[in-house]
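Q: Hey, can you walk me through this one? I'm new to reading structures.

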Amino acid sequence: MELYQLRTFVVVAEEGHLTRAAGRMHVSQPAVSGQIKALEQEFDVRLFERSASGMVLTVAGRELLAHAQRVLAAADELKRTAHQLTGEVAGVLRIGTVSNPAAIRLGDLLAATIERHPKLELELQHEVSGAALEGVREGRLDASFYFGDEPGRGVFALKLREPVYCVAGPAAWADRIAKADWADIATMPWILAPAISTHSRLVIRLFEEHGIEPPQSRIEADTESLIETLVVSGVGVSLLREELAKEHAAAGEICIWDKARLRTTLWFVCAAGREEDPRLKALIGLLRETWQLRPTAKKRRTPALAG
């Protein structure tokens with residue numbers, strides 16, 4: 001039994017699918033399947049039931065998963081302790097990303113991490129904001145970027161910026177959108193991120209605050225770039241970050257409805273207390289530098305309430 005086989009077992013259990021697990025681990029699907037088979041042969045027990053929808057843990061698999069997670073956590077702790085003795089920050093962090101890389105300055109963060117902490121590995125997983133926060137709360141993610149209100153109890157949150165959003169529509173709809181009131185704009189086709197996302201919640205809140213039923217004609221798109229493309233392509237209206245909307249409007253590709261402008265917050269979040277983990281502490285330090293946060297900017301942490 002090798003540690004990499006146990007890691008594969010845990011990732012397959014988390015993803016529930018061989019292909020997704022292979023993609024996350026950057027190996028081939030046959031390699032993942034072979035490692036699971038080797039573990040099953042060594043343990044002499046079936047870990048998963050294979051089905052058309054994916055991989056489902058057996059009763060034995062569920063029990064062994066907890067043991068495997070403890071073994072891997074102990075191995076990671078051993079590595080971290082060894083590196084701390086030499087003053088190095090090392091290990092793996094599962095980081096959730098949202099929006100597009102430029103909006104969260106992901107490239108700058110990765111470059112700084114490679115330069116300053118070459119033994120710190122960031123495993124990136126793209127999420128919509130609501131799912132990203134859930135991933136942090138559930139422990140599926142070590143930390144994540146997140147758009148929305150302050151996350152609340154049990155979460156450390158570093159405030160990065162306050163982006164502004166506006167309502168944008170296809171350029172061909174310019175006359176119609178210019179004359180539209182709140183009721184009119186609500187009847188147009190809307191492109192929204194999944195319901196769990198901050199993007200979708202912002203749209204619903206926007207209309208509710210004006211006493212208007214939220215748009216009923218909805219097209220779901222799960223990334224900001226796809227939403228942007230669909231608006232430019234003439235499919236419908238949506239919320240776009242103001243800087244993106246202005247660029248496309250200047251190019252004559254979209255129009256902006258001037259009756260709505262709203263602000264949200266971009267945070268970097270992790271479970272409360274975990275910000276002192278040497279790996280996350282180093283990453284948060286790099287984020288402060290990347291975003292040029294003033295020294296007076298404090299970590300925002302709401303302790304978990306008793307009970």
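Predicted model: local features only at pLDDT ≥ 70, side-chain atom pairs only at ≥ 80, totals over all residues.

Q: How many helices and strands does the chain have?
A: You'll find 12 helices and 13 strands. The C-alpha trace spans about 70 × 50 × 45 Å along its principal axes.

Q: And what percentage of the residues count as buried?
A: It's 47% of the 307 residues.

Q: Let's switch to glutamine 35. Where is it?
A: Glutamine 35 is in helix α3, which covers residues 29-43.

Q: Is glutamine 35 buried or exposed, and why?
A: Buried, because its relative accessible area is 14%, and the cut-off for buried is under 20%.

Q: Which residues does glutamine 35 touch?
A: Leaving out residues up to four places away in sequence, glutamine 35 touches Tyr4, Gln5 and Thr8.

Q: New topic: how many residues does helix α12 have?
A: Helix α12 has 13 residues, running over 278-290. From first C-alpha to last, α12 reaches 18 Å, close to the expected 18 Å.

Q: Which residue caps the N-terminal end of α12?
A: Aspartate 277 does, with a side-chain oxygen 2.8 Å from the backbone nitrogen of arginine 279. Arg279 is also among the buried residues of α12, which include Leu280 and Thr290 too.

Q: And what follows α12?
A: Glutamine 292 does, and its phi is positive, near 50 degrees.

Conventions:
Residues numbered from 1 in each chain as written. Heavy atoms only, no water. Helix = DSSP H or I, 4+ residues; strand = E, 2+ residues; numbered from the N terminus. Buried < 20%, exposed > 50% of the residue type's maximum accessible area, 1.4 Å probe, protein only. Contact = heavy atoms within 4.5 Å. Expected span 1.5 Å × (residues − 1). Polar contact = N/O pair within 3.5 Å; in protein donor to acceptor, adjacent residues only side chain to side chain.
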